[in-house]
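Please open the structure in your viewer and keep the selection tool at hand. The tour below goes from stop to stop, saying at each one what to select and what is there.

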Amino acid sequence: MIIAIDGPAASGKGTLAIKIAEHCRLPHLDTGLLYRAVAQRTIDSGHAPSDEQAAIHAAKTLDAAALIDPRLRDRTIGEGASVVGAFPGVRAALIDYQKRFAAQDAGAVLDGRDIGTVICPDADVKLFIIASVEERARRRFVELSRRGGTISYEEVIADLKKRDARDADRAAAPLKAAPDAVVLDTTHLDPAASLQAALDIIAQKTQAP
Ligand code: CDP
């Protein structure tokens with residue numbers, strides 16, 4: 001079984017994907033980490049994430065070890081990931097790895113922006129996770145504060161709005177729900193209630209007719 005989970009930044013899709021994978025005993029890939037690692041490698045090589053050739057080179061030479069770098073969760077790297085993710089050459093370099101992960105015999109859960117539309121168009125279940133921008137900013141603010149960040153709520157919400165616009169407006173694999181995705185709004189749902197709602201959708205979608 002392949003479960004594709006997409007949605008905007010801080011919508012709760014990452015936490016949900018981990019829990020669904022645990023519940024269904026499926027391997028999980030957070031594809032945002034790939035873009036974050038490309039941004040980090042581009043910066044580490046002395047270039048800005050907006051340097052297309054440097055970003056493509058970083059994507060083509062990426063290896064799995066780069067995905068466990070704790071710096072990848074930093075706010076600036078999330079921003080950089082959204083910049084490198086707009087380059088078609090970067091996306092093309094990362095497609096094979098994601099498709100291979102999805103094709104494992106065991107099945108897989110992948111979360112990102114274009115899983116249901118580009119990476120796994122034939123996924124058994126497609127979820128598109130949304131939440132109001134205010135609630136997403138609140139969640140991201142709590143997460144960053146816990147990690148010792150000093151950013152204000154206002155800065156977080158401004159960041160998210162900028163990232164939403166960049167992710168949705170880009171030409172290459174823009175953030176959008178696949179026509180056959182089920183939209184799940186988690187604005188008023190805590191993690192446990194979000195998981196239950198997602199599991200109900202998965203059960204419905206995978207039940208024999
Ligand atoms: O957790 P959050 O949503 O903030 O970030 P993420 O899922 O790690 O993704 C960071 C950035 O990578 C996003 O803003 C996207 O621009 C890009 N990304 C993408 O283009 N395609 C994906 N499949 C996953 C992430």
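Begin by selecting Lys 162, which is partly exposed with a relative accessible area of 47%; here buried means under 20% relative accessible area, exposed means over 50%, and partly exposed lies in between, computed with a 1.4 Å probe and the protein chains only. Before going further, note that this is a predicted model, in which local features need pLDDT of at least 70 and side-chain atom pairs count only at pLDDT 80 or more, while totals for chains, interfaces and linings use all residues. Residues are numbered from 1 along each chain as its sequence is written, and side-chain values use heavy atoms, with hydrogens and water left out.

**Stop 1: salt bridges of Glu 79**

Helices (H or I, at least four residues) and strands (E, at least two) are DSSP runs, numbered from the N terminus. Is Glu 79 buried or exposed? At 18% relative accessibility, Glu 79 counts as buried.

Now select Arg 166, which forms a salt bridge with Glu 79 as well, the closest N and O atoms being 2.8 Å apart. Arg 166 lies in helix 8 and Glu 79 in helix 4, so this pair ties together parts that are 87 residues apart in sequence. With 25% relative accessibility, Arg 166 counts as partly exposed. By the rule given above, the count of salt bridges comes to 15.

**Stop 2: a pair within helix 7**

Move to Arg 140 and Glu 143, whose salt bridge has its closest N and O atoms 3.2 Å apart. These two residues are three places apart in helix 7, and are therefore separated by about one helical turn. An α-helix has 3.6 residues a turn, so residues three or four places apart point the same way. Arg 140 counts as buried at 15% relative accessibility, whereas Glu 143 is partly exposed, with a relative accessible area of 31%. Elsewhere, salt bridges that share partners join Asp 44, Asp 69 and Arg 71 into one network.

**Stop 3: helix 2**

Select residues 32-44, the 13 residues of helix 2, whose end C-alpha atoms are 18 Å apart; this agrees with the 18 Å that they should span at 1.5 Å a residue, the expected span being 1.5 Å times one less than the number of residues. Among the buried residues of this helix are Leu 33, Leu 34, Tyr 35 and Arg 36, and what covers its buried residues includes strand 2 (28-30), helix 3 (52-60) and helix 5 (88-102).

Within helix 2, pick out Gln 40, which is buried with a relative accessible area of 6%. Which residues does Gln 40 touch, not counting those up to four places away in sequence? Gln 40 touches Asp 69, Arg 71, Leu 72 and Ile 77, where contact means heavy atoms within 4.5 Å.

**Stop 4: the ligand**

Display the ligand and the 17 residues around it, of which Arg 36, Arg 91, Arg 140, Arg 163 and Asp 167 come nearest; a residue counts as near if one of its heavy atoms lies within 4 Å. An oxygen atom of the ligand is 3.0 Å from an N or O atom in the side chain of Lys 13, and another selection, Asp 167, shows a side-chain N or O atom 2.6 Å from an oxygen atom of the ligand. The protein covers 97% of the 520 Å² of accessible area that the ligand has on its own, areas that come from the Shrake-Rupley method with a 1.4 Å probe.

**Stop 5: positive phi angles**

Most residues other than glycine have a negative phi. Finish with Arg 25, which has a positive phi of about 55 degrees although it is not a glycine, and which lies in the loop between helix 1 (13-24) and strand 2. Arg 25 counts as exposed at 75% relative accessibility, whereas Ala 173, with phi near 45 degrees, is buried, with a relative accessible area of 17%.

Key
Polar contact = N/O pair within 3.5 Å; in protein donor to acceptor, adjacent residues only side chain to side chain. Salt bridge = Lys/Arg side-chain N within 4 Å of Asp/Glu carboxyl O.
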